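Hello,

Here is the structure I promised to pass on to you. Have a look at it first, and then read on for what I found in it.

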Amino acid sequence: MCGIVGYVGPRPAAPILVDGLRRLEYRGYDSAGLAVHSPSGIEIRRAVGKLRNLEGLLFERPLEGTVGIGHTRWATHGRPSEVNAHPHVSGDIAVVHNGIIENHVALRRELKADGFEIQSETDTELVAHLVQREVRRGKDLLGAVLETIARLQGAYAIAVLDHARPDRIVVARASSPLVVGLGEGENFCASDVPALLPYTREMIFLEDGDVAVLEADRVQLFDVRGETIERPRRHIDWSPAMAEKAGYKHFMLKEIFEQPRAIEDTLRGRLDRTSGDIFDQEIGLDEERAKAIRRVVFLACGTSHHATIAGRYWTEELAGIPAVTELASEFRGRNPIVGEGDLVVAVSQSGETIDTLVAAREAKKKGATVLAVVNVIDSAIARMADAVFYTHAGPEIGVASTKCFTAQLANLLMLSIWLGRRRGHLSAERCRELVEALASLPQQMQETLQGTRQLVANLAKRTKDARDVLFLGRGLSFPIALEGALKLKEISYVHAEGYAAGEMKHGPIALIDEHVPVFVLVPEDDQYERSFSNLQEAKARDARVIAVATSGDEAALDQSDDLLEVPRTLPQLTPFVTVLPLQLFAYYVADFKGTDVDQPRNLAKTVTVE
Ligand code: G6P
């Protein structure tokens with residue numbers, strides 16, 4: 001996730017900005033830059049890679065001013081490069097931005113027609129040109145920012161400098177975080193609290209639609225119409241470590257709770273709710289290619305592999321295309337039959353996992369089309385693929401993947417819907433229904449997290465000493481059962497098995513007794529009746545049964561020892577909500593056991609070695 005910092009006051013701005021950016025490093029970034037007012041104009045320094053590269057540049061060519069903005073970039077539009085790094089400049093205007101502008105294609109077209117030369121691949125540069133155009137039309141900086149944000153769709157936190165007003169920074173936000181820090185004769189802004197803690201603990205958290213003008217001795221707040229507003233001033237007493245985790249004890253817990261937001265960002269600009277469809281532009285494939293596909297082969301490892309099992313089921317049902325899922329490590333090197341007519345979908349959070357990379361490369365060599373579904377822009381798998389469909393979950397720091405898993409599910413479901421529609425398999429009506437259900441997901445995920453957190457924490461306390469835990473699910477709940485077991489193994493070191501519920505009789509049923517907690521996933525879907533029988537079979541063998549069921553399911557309440565309720569959604573979308581209490585369960589068991597939740601023993605976030 002990008003990080004923004006701004007400073008206006010009497011002190012040299014550059015060291016404060018770099019220090020603030022360093023305190024936002026945990027958010028992840030691939031390039032960084034500063035813009036500072038100097039007597040001759042706004043001066044910019046930008047560098048790809050770590051902050052030390054930017055510092056090296058500042059050592060050679062220092063920035064002198066006392067008012068400036070800084071940015072660490074996590075690429076979303078355009079690969080990591082100096083020209084794509086922020087700040088972006090248009091005439092006398094410099095802008096840094098965190099977020100995703102959805103209507104960037106239309107804005108780019110409009111600005112080009114208006115004679116603007118666009119240097120970068122970013123959506124942010126467009127914001128700089130929009131502000132500049134308004135200034136040229138006679139608006140002051142505040143007015144120009146107000147006009148500009150009226151044209152933006154999507155998420156943004158922006159900070160803007162104008163050479164003509166070297167005493168101020170204008171900031172604005174919608175959906176992306178922005179906090180104003182209040183000092184003595186100096187003021188600050190940042191994406192997140194930790195950047196400001198060494199300088200002030202008095203803060204104002206801006207809300208959606210807020211605009212602020214920061215000068216050294218005052219901060220004025222406005223709404224989108226330019227009317228003055230007030231926001232409460234807060235005193236923040238978090239330690240820097242707590243602040244990085246937004247007050248959560250671990251990154252993993254923070255990332256679990258970030259999921260509604262990660263899904264919203266991943267869906268942003270992809271759902272066409274007017275015509276009830278998925279937009280073409282972001283999928284990376286064209287219609288002709290969609291029609292020519294004879295088979296879809298999913299390749300992935302670990303948690304990403306679990307997402308592809310759901311991807312496979314969706315592809316078969318919604319797109320009507322034969323599909324298989326392969327563990328990348330099993331696929332590579334065995335000379336599998338793959339080639340022309342196959343769409344290989346390589347799914348990876350990091351985009352660097354060696355097995356997935358090598359497997360996808362082998363498939364490409366044999367003539368398959370490779371589509372990457374990755375979270376890290378311009379990563380190795382993104383670069384080798386024929387097309388990329390990015391998840392926008394933001395950087396994930398906990399080794400055990402959570403928010404990237406649900407973001408992968410979102411992309412794989414959108415891909416299946418898109419393929420089904422383009423191939424005439426999915427009716428317009430069904431497509432619209434799925435698109436609407438997807439749009440409601442962030443809210444439903446939020447409800448699930450809030451509704452189950454305490455129950456799951458209590459359950460974890462009671463069951464933390466179990467030696468074995470079983471997770472059972474059918475259909476789309478099968479990969480969720482696997483994921484629930486994997487999460488528990490990874491971070492709490494408790495032995496767990498995820499099983500297709502129908503396979504229970506072929507082995508795991510022998511493990512069941514009163515000491516074994518059994519999670520049974522029974523959301524309302526086409527498999528409900530049969531899954532419910534499995535729940536009863538487990539109960540009949542004295543297992544401690546924990547049902548994950550649709551809220552209001554009386555039978556599940558009656559038959560289970562513990563019930564974790566999830567909101568009703570379309571059967572195709574249940575994995576997004578059923579996985580959440582399982583992630584929380586793994587987290588709380590690990591926390592009660594006192595294991596290293598964010599960095600479990602023997603595991604690595606990115607496996608780039610054989
Ligand atoms: C490691 C991580 C897992 C991840 C897997 C695949 O094992 O610890 O969380 O699921 O790699 O990683 P990828 O980046 O390809 O999704």
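Eight strands make up an open sheet, and their order across it is β3-β2-β4-β1-β10-β9-β11-β14, with antiparallel pairing. At the edges sit β3 (41–48) and β14 (234–235), each of which pairs on one side only. Please keep in mind as you read that this is a predicted model.

Strand β9 (residues 179–182) and strand β10 (residues 187–190) run antiparallel and are joined by four bridges. If you want a place to start, find V179, which has A190 of β10 opposite.

Next, please turn to strand β12 (residues 211–214).

With strand β8 (residues 169–174), β12 pairs in the antiparallel sense over four bridges, and here A212 is the bridge partner of V171. With strand β13 (residues 219–222), β12 is again antiparallel, and four bridges join the two. L214 stands opposite V219 on that side.

Stepping back to the whole chain, the protein is divided into domain 1 (3–243), domain 2 (248–426) and domain 3 (450–604). Between the C-alpha centres of domain 1 and domain 3 the distance is 44 Å.

Now to the ligand, which I expect you will want to look at. How many residues surround the ligand? There are 13, and the closest are S304, S348, Q349, S350 and T353. By type, the shell holds four nonpolar residues, eight polar ones and one charged one. Helix α10 (residues 302–319) gives the most to this shell, contributing three residues.

- S304: a side-chain N or O atom is 2.5 Å from a ligand oxygen.
- A604: a polar backbone atom is 2.9 Å from a ligand oxygen.
- V399: a backbone N or O atom lies 3.2 Å from a ligand oxygen.

On its own the ligand has 390 Å² of accessible area, and the protein covers 91% of that.

Is E396 buried or exposed? E396 sits in the loop between β21 (387–388) and α14 (403–422), and it counts as buried because its relative accessibility is 8%, under the 20% cut-off. The side chain of E396 also reaches the backbone nitrogen of C404, at a distance of 3.1 Å.

The other is V516, in the loop between β23 (495–500) and β24 (517–522). With a relative accessible area of 5%, V516 is buried too. V516 and R467 are 49 residues apart in sequence, yet their C-alpha atoms are 7.5 Å apart in space.

Finally, here are some points about the backbone. Where is the cis peptide bond? It runs from H86 to P87, with omega near -5°, and P87 belongs to the loop between β4 (67–73) and β5 (88–90).

One is N335, with phi of about 60°, in the loop between α11 (328–331) and β19 (342–348). N335 counts as exposed because its relative accessibility is 60%, and the cut-off is over 50%. The other is Y493, with phi of about 65°, in the loop between α16 (477–492) and β23. At 28% relative accessible area, Y493 is partly exposed.

Do write back with any questions.

Best wishes

Key:
Residues are numbered from 1 along each chain as its sequence is written. This is a predicted model: local features need pLDDT of at least 70, side-chain atom pairs count only at pLDDT 80 or more; totals for chains, interfaces and linings use all residues. Side-chain values use heavy atoms; hydrogens and water are left out. A residue is near a molecule or strand if one of its heavy atoms lies within 4 Å of it. A polar contact is a pair of N or O atoms within 3.5 Å; within protein, one must be able to donate a hydrogen and the other to accept it, and residues adjacent in sequence count only if both atoms are side-chain atoms. Accessible areas come from the Shrake-Rupley method with a 1.4 Å probe; for residues, only the protein chains shown count as cover. Ala, Val, Leu, Ile, Met, Phe, Trp, Tyr, Cys and Pro count as nonpolar, Asp, Glu, Lys and Arg as charged, and the others, Gly among them, as polar. Domain bounds come from an automatic or database domain assignment. Two strands pair if DSSP finds at least two bridges between them. Buried means under 20% relative accessible area, exposed over 50%, partly exposed in between (1.4 Å probe, protein chains only).
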